[in-house]
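Reader: Can you walk me through this one? I'll ask as I go.
Author: Fine, go ahead.

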Amino acid sequence: MAQFSISGVDIKGIAACVPKRVVSNFDYEVLSESERRMLVKTIGVETRRVAPKYTTTLDYACKAAEQLFEETGVDRSEIKLEIFVTQSRDYYLPSTALLAQQRLQLPQDCMAFDIGLGCSGYTYGLGVAASIMRSSGIQKALLLVGDVSTVTCSYNDTSTYPLFGDAGTATLLELTEQNEWNFAMYSDGSGEDAIKIPHGGMRHLLTADSLEERKREDGNYRADLHLQLDGLSVFNFSITKVPESVKLFLADNKTTPEQLDYFVMHQANKLMNESIRKKLKFNPDQVPYSLDRYGNTSSASIPLTIVSELSDVMSEPKKMLLSGFGVGLSWGHALIQTNNVICPKMIEL
Amino acid sequence: MMTIEEFIRKLEEEFEDIERGVLQPSTDFRTIEDWGSMHALIIIALIDTEYDVTLTGADMRSVTTIQELFDLVKSK
């Protein structure tokens, strides 16, 4: 089982950056007015932040990182590990982490690489970064996490367009004497079709055909270069596998929901997240939501929710359960303690 | 043990726009006004929470009327 503990890593700061442009689902013309109301009520996404063309995850994550360097006073030359978690990279190659290393002027003796995961990406990124820090002795690491998903959604696809928002985040980690963090990671590639962009990779190279929007079985219109999402499959996966694995994870770590300050979940959709919350018996005040204002921001959703909902309380010690789940299918949980996280207010770009 | 009347009442509570008494065991639930994938999600979530049965997309596609849906949930 991919379940492990890491001692002695702490979060120094978390920052998040979103596009300035606010798009409301009440203005989504593909749906009737009553359908829009139902969508907002059920899915829970009222507004989303949408990036302009050619502004990328790199831009938002680096802006967040700059803010973090400023507010924490950490010297960027001390960063010896930088991980970029994204599925919306700037180029086929090189990896986005290298572009960030240059943009942020991180030193050359810094290990930098990408992790290509979406909704589960933050918990994976934290686990990988903490493991490397502990085994290498690297004192300070920067975890950049985010996605610009809106550019890949067809306006005429009601199963994706109203859900997603764009964001980039930065988390600064450092070695410490305290804390024990626990992780559990899971994978099920049999669900690869549940959330997918079928064309544009090596399996289906981009052709003129990839750009043509066609009517699909579910009545939506999209091209093969667009994001496809099988809502029912994802829903089914999320309300079974997530609570089931969280329950085991908490039991293995002798932790009960009452012992935790917060359960920060990937912001997928309200109906789904509420089903998970109720199954796991967390109180509503333990489970913060940013979904209504920022939508599903893919890998960024957990740190973004911490910034938007918890920035005022993060200077105090907290015990939190983080849970990311989605595209892959991939899911991962982290049980972390934080002490004094510097958490600037949401940044806009 | 739940009855189909209770089941219908719970569906009516979920779909606020539906007037009491409109839904019958023989109702094809896809004829609910503005029926769409969101209704299916709501039904799956309701059944999951209330009856601890998780229906799949294929399960939903295999039934047409509320009676058939009810029977499917009971059989699981």
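Reader: Which residues of α6 in chain A are buried?
Author: This is a predicted model. In helix α6 of chain A, residues 270-280, the buried ones are A:Met272, A:Asn273, A:Ser275, A:Ile276, A:Arg277 and A:Leu280.

Reader: And what do they pack against?
Author: The buried residues of α6(A) pack against α5 and β12 (262-265) of chain A, together with α2 of chain B.

Reader: What follows α6(A)?
Author: A:Lys281 comes after it, with a positive phi near 60 degrees.

Reader: Now chain B as a whole. How many helices and strands?
Author: Chain B has four helices and zero strands. Its elements run α-α-α-α from the N terminus on.

Reader: How does its radius of gyration sit with a compact globule?
Author: It agrees: a compact globule of 76 residues would have a radius of gyration near 11 Å, and chain B has 11 Å. Along the principal axes, the C-alpha atoms of chain B fill a box of roughly 30 × 25 × 20 Å.

Reader: What share of chain B is buried?
Author: Buried residues are 22% of the 76 in chain B. As for its contacts, take those between residues at least 6 apart in sequence: 49% of them join residues at least 24 apart.

Reader: Which residues are buried in α4 of chain B?
Author: In α4(B), residues 66-75, B:Ile66, B:Leu69 and B:Phe70 are buried. Seen down the helix axis, the buried residues of α4(B) fall within an arc of 100 degrees, so they line one face.

Reader: Why would that spacing put them on one face?
Author: An α-helix has 3.6 residues a turn, so residues three or four places apart point the same way.

Reader: What covers that face?
Author: The cover over the buried residues of α4(B) includes α1 (4-14) of chain B.

Reader: Cores next. Which residues touch the most other members of the largest nonpolar core?
Author: A:Ala16 and A:Ala64, in a core of 108 residues. Helix α5 of chain A, residues 231-252, gives the largest share of this core, nine residues.

Reader: What does A:Ala16 touch?
Author: Leaving out residues up to four places away in sequence, A:Ala16 touches A:Ala64, A:Ala167, A:Thr169, A:Ala300, A:Pro303, A:Leu304, A:Val307, A:Met346 and A:Ile347.

Reader: And what is in the second core?
Author: That separate core has seven residues, including B:Phe7, B:Phe15, B:Ile66 and B:Leu69.

Reader: Last one, A:Gly8. Where is it?
Author: A:Gly8 is in strand β1 of chain A, residues 3-18.

Reader: Why does A:Gly8 count as partly exposed?
Author: Because A:Gly8 has 15 C-beta neighbours inside 10 Å, while buried takes 20 or more and exposed 12 or fewer.

Reader: What does A:Gly8 touch?
Author: Not counting residues up to four places away in sequence, A:Gly8 touches A:Arg134, A:Leu175, A:Thr176, A:Glu177 and A:Asn179. A:Asn179 lies 171 residues from A:Gly8 along the chain, with 5.3 Å between their C-alpha atoms.

Methods
Residues are numbered from 1 along each chain as its sequence is written. Chains are lettered from A and ligands numbered from 1 in the order in which they are written. This is a predicted model: local features need pLDDT of at least 70, side-chain atom pairs count only at pLDDT 80 or more; totals for chains, interfaces and linings use all residues. Helices (H or I, at least four residues) and strands (E, at least two) are DSSP runs, numbered from the N terminus. The arc is that of the directions from the helix axis to the C-beta atoms. Two residues are in contact if their C-beta atoms, placed from the backbone, lie within 7 Å. The radius of gyration is taken over C-alpha atoms; the globule rule is 2.2 Å times the number of residues to the power 0.38. A nonpolar core is a set of buried Ala, Val, Leu, Ile, Met, Phe, Trp, Tyr and Cys residues joined through C-beta atoms within 7 Å.
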